[in-house]
Amino acid sequence: MAIVTPTAPARAARAAVAALFLTNGALFANVVPRYPEIKSGLELSNTVLGAALAGFPLGALVAGLLAAAAIRRFRSSRVAALGIVLLAATTLLIPLAPNWLALGAVLFVVGALDAVVDVAQNAHGLRVQRLYGRSIVNSFHGVWSIGAVLGGLMGAAAAGLRVPLAIHLGFSAALFSLVALVAYRFLLPGHEDAERTEPTAAPASRRVFAGTAIKMLAALGVLAACGALVEDAGASWGAIYLSGDLRTSAATAGLAFVALQVAMTVGRLTGDLAVDRFGQRTVVRAGGAFAAVGMGLALAVPTVGTALAGFALAGLGVATLVPAAMHTADELPGLPNGVGLTVVSWLLRVGFLLSPPIVGVIADLSSLRVGLLSVVFAGVVTVVLSRVLVNRTGETA
């Protein structure tokens with residue numbers, strides 16, 4: 001890409017897209033620290049809670065395939081901004097769920113909306129990136145992480161202050177809906193391809209070695225699923241582990257998710273510099289080791305401090321994992337443009353779908369402490385499979 005000086009509308013659009021990523025990260029993160037209260041209120045076991053929580057990734061898995069059609073019909077700007085308003089409204093149904101089936105159904109809709117919004121905001125971010133002539137998408141994902149941390153802190157504070165869940169989520173929905181509606185005014189107008197200057201068709205040379213490409217996609221899908229498992233461990237089980245096994249207060253328990261997201265945010269904001277210096281493969285391999293060793297030590301020496309440090313190291317370790325897997329998939333020979341990226345993104349959602357019930361079953365059969373060994377396992381698998389990754393930009397897999 002040729003680097004250009006962005007115009008005022010382009011800069012405004014970049015800020016607007018960043019605001020959408022922030023709200024998308026913060027909205028559901030407000031709910032996560034309230035999981036112990038929801039679990040207790042509905043009198044759920046770990047297995048049943050895990051089944052209900054699986055509604056979110058299941059909805060995302062199903063609806064992710066519909067996002068492209070929605071964007072073609074309504075444009076990415078409308079789908080992203082108005083989708084956030086619908087997402088915020090749907091979170092208000094969570095406190096009203098009378099049982100685990102209803103909770104799972106609400107989370108299914110939340111996950112479906114979140115998946116469509118995620119694709120739309122990324123699509124619009126890529127439109128803005130074409131105007132800039134240089135990479136800016138990583139910064140959007142860093143802002144998403146900041147939003148997740150903000151939402152986690154809001155949820156932990158509300159739990160600690162014993163704010164009723166309905167009031168807490170009502171305030172969150174109103175605040176972030178307003179941000180999304182204001183941001184919508186500054187998004188780019190026109191057709192989705194308005195800024196595209198290069199052809200998108202894949203050259204015939206990329207359709208060879210399909211068998212090798214399939215094997216590589218399988219390995220990259222496992223890597224993406226490992227990233228999902230680690231991230232979900234903090235989101236779904238961090239607060240429950242601290243409040244249950246370590247007997248902490250509700251406010252302190254919510255900091256497990258915050259610790260993972262803060263570390264992941266740092267990793268995403270600094271990841272490009274690390275990859276440029278050491279190579280993508282090396283950074284991911286080291287990250288997998290950080291996640292495995294950090295969480296392993298935290299579970300071996302179970303204290304509040306070591307637990308928070310373990311979740312932080314896990315978040316830092318997988319910060320660049322999913323982008324690396326997607327980048328490598330997009331560079332695979334033997335596949336049309338976009339196919340590798342689509343497949344790995346779908347397998348990532350499979351990882352988010354399977355992780356909560358797997359950990360929940362292990363926790364009920366043994367303990368949640370044993371269930372969280374899945375993070376250690378994911379870190380080890382990442383170290384082993386990292387060799388399939390493209391090491392530097394411009395290489396092919």
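Predicted model: local features only at pLDDT ≥ 70, side-chain atom pairs only at ≥ 80, totals over all residues.
Local features are described where pLDDT is at least 70, and side-chain atom pairs count only at pLDDT 80 or more, whereas totals for chains use all residues. Residues are numbered from 1 along each chain as its sequence is written.

The protein contains 18 helices and zero strands, where helices (H or I, at least four residues) and strands (E, at least two) are DSSP runs numbered from the N terminus. Of its 397 residues, 52% are buried, meaning under 20% relative accessible area, with exposed being over 50% and partly exposed in between (1.4 Å probe, protein chains only).

Helix α13 (residues 280-300) packs with helix α14 (residues 304-317) at an angle of about 165 degrees, and their axes lie 7 Å apart; axes are lines fitted to C-alpha atoms over the stretch in contact, and angles run from 0 to 180 degrees between N-to-C directions. The two helices are therefore roughly antiparallel, a term for angles over 145 degrees. The residues making the contact (heavy atoms within 4.5 Å) include Gly-287, Gly-288 and Phe-290 of α13 and Gly-310, Phe-311 and Gly-317 of α14.

Two arginines show a positive phi although neither is a glycine: about 80 degrees for Arg-75 and about 60 degrees for Arg-162.

Definitions and conventions:
Heavy atoms only, no water. Parallel < 35°, antiparallel > 145°, perpendicular 65-115°, else oblique.
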